[in-house]
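Visitor: I like to know where the labels on a structure come from. Could we go through a few of them?

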Amino acid sequence: MSTNKKMVEHLQQYGVISSEKVARVMETIDRALFVPDRTPAYADCPQEIGYNATISAPHMHATCLQLLEEKLQPGMHALDVGSGKKRGIKWGELGLLGGSLKRVITSLYAGRAIGVEHIPELVASSINNIEKSAAAPLLKKGSLSMHVGDGREGWPECAPYDAIHVGAAAPEMPQALLDQLKPGGRMVIPVGNIFQDLKVVDKNPDGSISIRSESSVRYVPLTSRDAQLQS
């Protein structure tokens, strides 16, 4: 696959992408801007990006976006934990999915996407990548913002969130993220150590929690900055 469009068409052909909106968003955000040089950007596999971090395979981006799509409407708030591990690509996709492409182009997006990453260099890289992408107007307007912090603690300042995406595997469900999920909201998070499941967490209107397993997955661990750099 030599182009971003062909990558998306491949995922549609094999039934990974069924949502037209997710397809448009993934076509708009060129994956080649978010992977290291001389990397096969459009291959459907994870890519190493330094600091013992990876950018997830395109099929996982599509899966998570589709699971969160109904919660990412104009005016809603989203949190992306581990944005730097994806070099900002999921952060930008969440922002674009939260508004129509026309709103993105005219920078009229009314919601907000927050990214949290504990490696400062990956935060800087994410911002630089977004500035070169179709999501740049959202960054300039402030609809997208990126912060250095421990993603396990979320970002309370902008809580509660309609949608939370976690891009690394937690050994157990983080209570701080559950607390920051809005009633009616959804979180998608890989949970486990050696064996991991992608969990879909819905907070019901009464505040109770419903959890189901979407699929078995393999992610890097959601851990401290020091532990990540030493792994």
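Predicted model: local features only at pLDDT ≥ 70, side-chain atom pairs only at ≥ 80, totals over all residues.

Visitor: Why is V116 called buried?

Guide: Buried means under 20% relative accessible area (exposed is over 50%, partly exposed in between, with a 1.4 Å probe and protein chains only). V116 has 0%, so it counts as buried. You'll find V116 in strand β4, residues 112-117; strands are DSSP runs of E with at least two residues, helices are runs of H or I with at least four, and both are numbered from the N terminus.

Visitor: What makes a set of residues a nonpolar core?

Guide: The members must be buried Ala, Val, Leu, Ile, Met, Phe, Trp, Tyr or Cys residues, joined through side-chain atoms within 4.5 Å. The largest such core here has 25 residues, and V8, I17, M26, I130 and L144 have the most contacts inside it. Elements giving two or more residues to this core include α1 (4-13), α3 (58-68) and α6 (120-131). A second, separate core of 20 residues includes Y161, I164, L177 and V220.

Visitor: How do you know that the peptide bond from A159 to P160 is cis?

Guide: Its omega is near 5°. P160 sits in the loop between β5 (144-148) and β6 (161-166). As background, most peptide bonds are trans.

Visitor: What is known about the largest pocket, and which residues are closest to its centre?

Guide: A pocket is an open set of points on a 1 Å grid over the protein atoms alone, where a 1.4 Å probe fits, with protein on both sides within 12 Å along at least five of seven lines; lining residues have an atom within 4 Å of a point. Twelve residues line the largest one, and P46, S56, M60, R218 and Y219 are closest to its centre. Its volume is about 200 Å³, taken as the space filled by probe spheres set on the points, which are joined across faces, edges and corners.

Terms used. Residues numbered from 1 in each chain as written. Heavy atoms only, no water.
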